[in-house]
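Dear colleague,

I am handing over a structure that you have not seen before, and I would be glad if you could look through it. My notes on it come after the structure itself.

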Amino acid sequence: MEEVELQNEEFTESTTEKEEELIEVKEELEASQEKVAELETEISNTTSSPSSNSSSSDSNNSSTQSNSSNDNSSTSSDSSSIYYKNCTAARSAGAAPVYRGEPGYAKHLDRDGDGVGCE
């Protein structure tokens with residue numbers, strides 16, 4: 001009986017260690033995904049067309065916002081079909097948080113499934 005209890009303790013300790021390792025790896029993955037999204041945004045911003053840079057400041061802001069959403073999302077000719085690749089793209093387009101039923105909302109932006117993406 002004591003041997004079984006000892007094995008059970010060892011198994012529990014091993015499982016706890018593995019869970020902690022998994023949490024660390026998951027956090028590292030999420031940080032890496034955020035970094036990739038930031039770098040993609042930075043790249044898309046540095047490759048934007050020069051014509052948007054020569055606009056006035058008001059139209060430059062909307063032009064930049066438009067370029068960000070075009071670089072990080074796909075839009076069809078219908079403005080209600082907006083797609084954001086990730087929350088960084090939605091934030092850079094000024095759309096976060098995105099609510100269920102609004103253009104741009106998608107399940108992959110709503111981690112907890114409460115109907116609010118990129119909160």
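The model is predicted, so local features need pLDDT of at least 70 and side-chain atom pairs count only at pLDDT 80 or more, while totals for chains, interfaces and linings use all residues. Residues are numbered from 1 along each chain as its sequence is written, and side-chain values use heavy atoms, with hydrogens and water left out.

The structure holds one disulfide (a pair of cysteine sulfur atoms within 2.5 Å), and this link joins Cys87 to Cys118 with an S to S distance of 2.2 Å. Cys87 lies in helix H3 and Cys118 in the segment after strand E4 (116-117), so the pair ties together parts that are 31 residues apart in sequence; helices (H or I, at least four residues) and strands (E, at least two) are DSSP runs, numbered from the N terminus. The link is left-handed, with -90° about the S-S bond. Cys87 counts as buried at 17% relative accessibility, and Cys118 counts as buried at 5%, where buried means under 20% relative accessible area (1.4 Å probe, protein chains only).

Best regards

Notes: Buried < 20%, exposed > 50% of the residue type's maximum accessible area, 1.4 Å probe, protein only.
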